[in-house]
Every structure is written in C-alpha cells, then in structure tokens.
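Please consult the sequence and the three-dimensional view shown below while reading.

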Amino acid sequence: MLEMYDRLESDSNDRELVWGHSHGNSRPMLLIALALSGEDRKATESVEGLLKAYRDGFFATWRNYGDDGGSLKGWWYTTWTLNMELDVLSAVKSATRLDWYKSEAWYGRLVDWYLMGLRGDGSFLRSGDSRIGEG
C-alpha cells in the first residue's frame, strides 16, 4: 500500500484541483493514509494534509459549480467519479469526526445536474467526453 501511495504521490501536483491526475490520485492516497494511520509514520503524517487538500481544494472546486446544482465535469465523468467520492466520504466519516455528507451540500445537489442532462432515451446530453449511446 505504501509503495502505491509513493507512486501516486510522485504523479500528483498540489496546484491541480480541477483536472489532471492529482484528484484521482488523492482518493486512494487518502484511503491508504486513513487505513495505515497510527501504524505508519508517513501515513499518519499525511492524513491532515490530504484532508485539507479535499476540504480546501477539491471540494472547494466542486462547491464552485455544485452549489447551484451543476458539476465541473461532464455527465459521464461526474458519474464515473461519484462512486469513488462515496468511498472517500464514507471512509473519512468512519475514521474521523468529519461528516462531509452533511457539510458538503453540493453533493446532494448533483441530482439537479443529472435531471438537467437526462434525455428521454435514458442517456445524457452529448457534451465533452460524454459517451454516446450509454446512459
């Protein structure tokens, strides 16, 4: 797990809060850090920095778009990303006193984003990297 953490960390950029690999890398890094916190010094020391990156970086970006019922990604990428965000929100809630389900209102407002883009045939509007023919 620590080897994976190191590889992901080396491919991350702390200024990359909207696109790029940093957000995708931070999800498993945070899960690893939470799982090994208290057992490994690096993991323990990393938890607070990763939580801060989420709270003040990634979630701040989502809030910018999502507080009004939008998404910073297309429908396909939003759908692909959300299950991984669920893992992080659930792990953080289980391992800490933070309940980002309650404090991050944008998450619940994504329903509006999906309703806006859903077509009658069960697929989403075609824009950006949306997959045509897949609902």
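Gly70 is found in the loop between helix H3 (41-66) and helix H4, in a predicted model where local features need pLDDT of at least 70, side-chain atom pairs count only at pLDDT 80 or more, and totals for chains, interfaces and linings use all residues. Residues are numbered from 1 along each chain as its sequence is written, and side-chain values use heavy atoms, with hydrogens and water left out. Helices (H or I, at least four residues) and strands (E, at least two) are DSSP runs, numbered from the N terminus.

**Gly70 and its surroundings**

- Gly70 is buried, with a relative accessible area of 13%; buried means under 20% relative accessible area, exposed over 50%, and partly exposed in between, with a 1.4 Å probe and protein chains only.
- Leaving aside residues up to four places away in sequence, Gly70 touches Tyr65, Leu110 and Trp113, where contact means heavy atoms within 4.5 Å.
- Between Gly70 and Tyr107 there are 9.9 Å in space, C-alpha to C-alpha, and the two are 37 residues apart in sequence.

- Asp99 has its place in the loop between H4 and helix H5 (100-103).
- The relative accessible area of Asp99 is 18%, so this residue is buried.
- A polar atom of the Asp99 side chain lies 3.1 Å from the backbone nitrogen of Tyr101.

**Packing of H2 against H4**

- Helix H2 (residues 22-36) and helix H4 (residues 75-95) pack at an angle of about 25°, and their axes are 10 Å apart; axes are lines fitted to C-alpha atoms, for helices over the stretch in contact, and angles run from 0 to 180 degrees between N-to-C directions.
- That angle makes H2 roughly parallel to H4, as angles under 35 degrees count as roughly parallel, over 145 as roughly antiparallel, 65 to 115 as roughly perpendicular and the rest as oblique.
- From H2, the contact involves His23, Arg27, Leu30, Leu31 and Leu34; the residues from H4 include Trp80, Met84, Val88 and Ala95.
- The residues of this contact comprise 9 nonpolar, 2 polar and 3 charged; Ala, Val, Leu, Ile, Met, Phe, Trp, Tyr, Cys and Pro count as nonpolar, Asp, Glu, Lys and Arg as charged, and the others, Gly among them, as polar.

**The chain as a whole**

- The chain has 6 helices and 0 strands, in the pattern α-α-α-α-α-α along the sequence.
- Of its 135 residues, 37% count as buried.
- Among contacts between residues at least 6 apart in sequence, 58% join residues at least 24 apart.

Methods: A polar contact is a pair of N or O atoms within 3.5 Å; within protein, one must be able to donate a hydrogen and the other to accept it, and residues adjacent in sequence count only if both atoms are side-chain atoms.
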